[in-house]
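Please open the model in your viewer and keep the sequence panel beside it. The tour below moves from one selection to the next and says what is found at each stop.

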Amino acid sequence: MPGMTAIEKILARNAGVDRMRPGDLAVVRVGCAVLYDNNLIPSNWRRLTKVFDPDRIVVVFDHRVPAKDVITATAHQTGRDFVRQFGIKRFHDVGPNQGICHVLVADHGYAIPGEVLVCGDSHTCSAGVFNCAARGTGSPDMLYAAAKGETWFRVGGTVRYELEGELQDDVSTKDVFLHIADTYGDHATMNVEYGGPALATLSINARRTLSTMSAELSAEFATFEPDDVMLDYVRERNPGLEFEPQYPDADASYADVRTVDLYAIEPQVALPDSVLNNSKPVGAVAGTRIDQAFIGSCANGTLDDLAVAAKVLKGRRVADSVRLIVTPGSQNIYRDALRAGHIETLMDAGAVVTNSTCGACGGGNLGILAPGETCITASTRNFKGRMGSAEARIYMASPATVAASAVEGAIADPREVLARTPGGAAS
Amino acid sequence: MILSGKTWKFGDNINTDLILPGRAQWFTEEEQMACVFEANRPGWIHEIAPGDIIVGGQNFGMGSSRPAARSLRNLKLACLVADSINGLFFRNCVNWGFRALECPGVSAAFEEGDLAAISFDDFTVRNQRTGKTLQAAPVPPSLLATMEAGGVIPLLEKEGLIEEAV
Ligand code: SF4
């Protein structure tokens with residue numbers, strides 16, 4: 001019998017069985033359950049009488065913070081009551097530890113290699129970077145998981161991405177993702193496994209853009225092969241904790257193995273409405289006028305992303321016709337970016353830097369688009385109507401490309417903008 | 001259990017922002033029903049009748065975890081049959097108690113308005129106009145039981161793990 005992929009091994013381990021194969025139903029114990037404000041709105045929430053383990057529950061307010069209306073405020077109040085009722089310590093209220101749930105899970109080390117993590121938000125696959133079986137579920141699922149510490153998954157086949165080579169300057173894993181989504185389309189019912197020699201060249205933040213964006217492939221799970229960079233990151237945040245990362249078997253059976261040469265990838269732009277089979281190299285759409293540019297979300301609100309934006313905007317100005325909105329992934333990241341000088345650079349260039357929230361990404365509490373407007377976004381999703389009017393167009397690209405486009409007032413190649421001396425002629 | 005009803009066809013990659021727009025996420029269940037497919041099929045919710053069936057293409061329900069399946073259930077649609085159903089959307093169908101089946105080839109086998117007869121005993125889908133019967137993928141018994149019990153909320157209520165709705 002062939003061996004198992006990383007995700008099959010994680011699911012088998014948490015189901016208490018020896019093997020897990022595509023087609024199986026995995027009933028697994030939950031290592032961490034993350035509830036967020038959408039789970040707590042009156043129409044989704046029911047008061048629990050019991051939780052399986054308060055120390056394995058995380059509560060985050062992120063989609064609409066600070067509260068934008070009475071329903072939001074009520075959801076937050078419900079969350080605070082729930083946290084008090086069960087003495088939950090991992091609580092991220094409006095305040096210094098506020099942030100987007102997937103960013104907080106990563107930054108606080110809540111995702112443990114070899115375990116199962118569920119959250120009511122679809123980008124939960126983000127935590128797969130930690131070799132965790134992490135999946136987005138629905139609100140009733142979260143009540144079930146929080147009460148019983150158990151959940152289920154249908155097991156699909158796995159596609160392995162073997163990453164090779166090294167990214168060129170000003171190209172990011174967002175571009176890698178858009179290339180994969182453009183080339184291979186959706187991965188519905190399948191898992192994605194990332195590995196290969198290039199992993200060592202990618203920071204946790206850079207890897208997390210890939211795992212987070214994998215939700216857009218409709219992948220069930222997106223799991224990274226463990227390496228020392230990741231294991232040290234988790235140990236640092238969980239001193240003394242024992243855990244069992246799961247490496248894919250050498251003879252694991254994959255639905256497909258695809259090699260991606262990072263060096264060959266150029267900045268990509270996804271055209272409006274979908275990232276699936278819908279991207280072009282930036283040159284093909286350069287010059288398209290934009291009204292709004294957004295950098296943020298659980299995929300691109302990291303300190304690295306803010307640093308890249310600041311690098312592009314340093315000494316430059318956001319075009320008068322463009323609104324550039326920058327939303328850090330957490331208040332901690334915001335403070336780090338402030339100390340590093342990035343926030344000053346961004347604001348001097350004309351960006352509006354907001355508090356940490358999902359914000360414009362989900363068309364929620366700020367940054368809404370009007371009919372006929374065009375936006376370029378470094379966030380997760382460009383579905384029709386996602387950021388406001390269904391008659392707005394949403395292009396998607398890396399933070400570097402978005403920042404460069406904000407400067408030009410039109411979609412632009414960050415390498416070309418950076419090649420020019422700020423304020424003047426080509427260097 | 002056999003469900004028969006009139007079919008409404010939708011294409012590939014129907015996403016949750018179409019089924020339930022972001023602006024409606026924080027609405028009440030009643031208000032959410034009024035927004036279903038408003039961007040791609042305005043007025044549709046007034047054309048349908050209880051017991052109607054959605055026939056979808058590939059990856060139906062891609063996108064977010066929002067309770068879009070609950071809105072379809074609340075519209076009193078009988079079920080969803082699609083060539084394939086997004087994994088997260090399928091979960092939400094189970095957990096909100098909305099019947100859903102994956103049946104490769106179903107969208108090619110139906111024209112809008114055809115009557116369908118769908119068996120949740122042997123997981124077959126029959127087009128009453130053409131007489132053609134397709135085999136759908138079986139739903140594991142435990143998941144089918146949850147789907148048919150109205151989702152996990154009534155199950156948790158029965159076990160006393162959540163309080164009754166006020
Ligand atoms: S940032 Fe966007 S994609 Fe991420 S959790 Fe928030 S709304 Fe969802």
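**Second largest pocket**

Begin with the second largest pocket, whose volume is about 430 Å³. On a 1 Å grid over the protein atoms alone, a pocket is an open set of points with protein on both sides within 12 Å along at least five of seven lines, a cavity is a set of points where a 1.4 Å probe fits but cannot get out, and lining residues have an atom within 4 Å of a point. Grid points are joined across faces, edges and corners, and a volume is the space filled by probe spheres set on the points.

Next, colour helix H5 (173-184), helix H6 (204-213), helix H9 (303-313) and helix H12 (399-408) of chain A, the elements that give two or more residues to this lining; H9(A) provides the largest share, five residues. Helices (H or I, at least four residues) and strands (E, at least two) are DSSP runs, numbered from the N terminus.

**How to read the model**

This is a predicted model in which local features need pLDDT of at least 70 and side-chain atom pairs count only at pLDDT 80 or more, while totals for chains, interfaces and linings use all residues. Residues are numbered from 1 along each chain as its sequence is written, chains are lettered from A and ligands numbered from 1 in the order in which they are written, and side-chain values use heavy atoms, with hydrogens and water left out.

**Largest pocket**

Now select Pro42(A), Trp45(A), Arg46(A), Arg47(A) and Ala165(B), which lie nearest the centre of the largest pocket among its 23 lining residues. The volume of the largest pocket is about 530 Å³. Both chains contribute elements with two or more residues in the lining, namely helix H2 (70-86) of chain A and, from chain B, helix H4 (68-74) and helix H8 (152-158). Five residues, the largest share, come from H2(A).

**Ligand and largest cavity**

Move on to the ligand, which takes up the space of the largest cavity; a molecule sits in a cavity if more than half of its atoms lie within 2 Å of its grid points. Around the ligand, select His63(A), Ile100(A), His102(A), Asp121(A), His123(A), Ser297(A), Cys298(A), Cys358(A), Cys361(A), Thr380(A) and Arg386(A), where near means that a heavy atom of the residue lies within 4 Å.

The largest cavity holds about 330 Å³ of space. Of its 32 lining residues, Tyr36(A), Asn38(A), His63(A), Asp121(A) and Gln25(B) are the closest to the centre.

**Strands**

In chain A, strand S14 (residues 292-295) and strand S15 (residues 323-326) pair in the parallel sense over four bridges; two strands pair if DSSP finds at least two bridges between them. Ala293(A) has Leu324(A) in S15(A) as its bridge partner.

Finally, turn to chain B, where an open sheet of seven strands with mixed pairing runs in the order S4-S3-S2-S1-S5-S6-S7. Strand S4 (100-102) and strand S7 (133-135) of chain B stand at the edges with a single partner strand each, so one side of each is left without a neighbour in the sheet.
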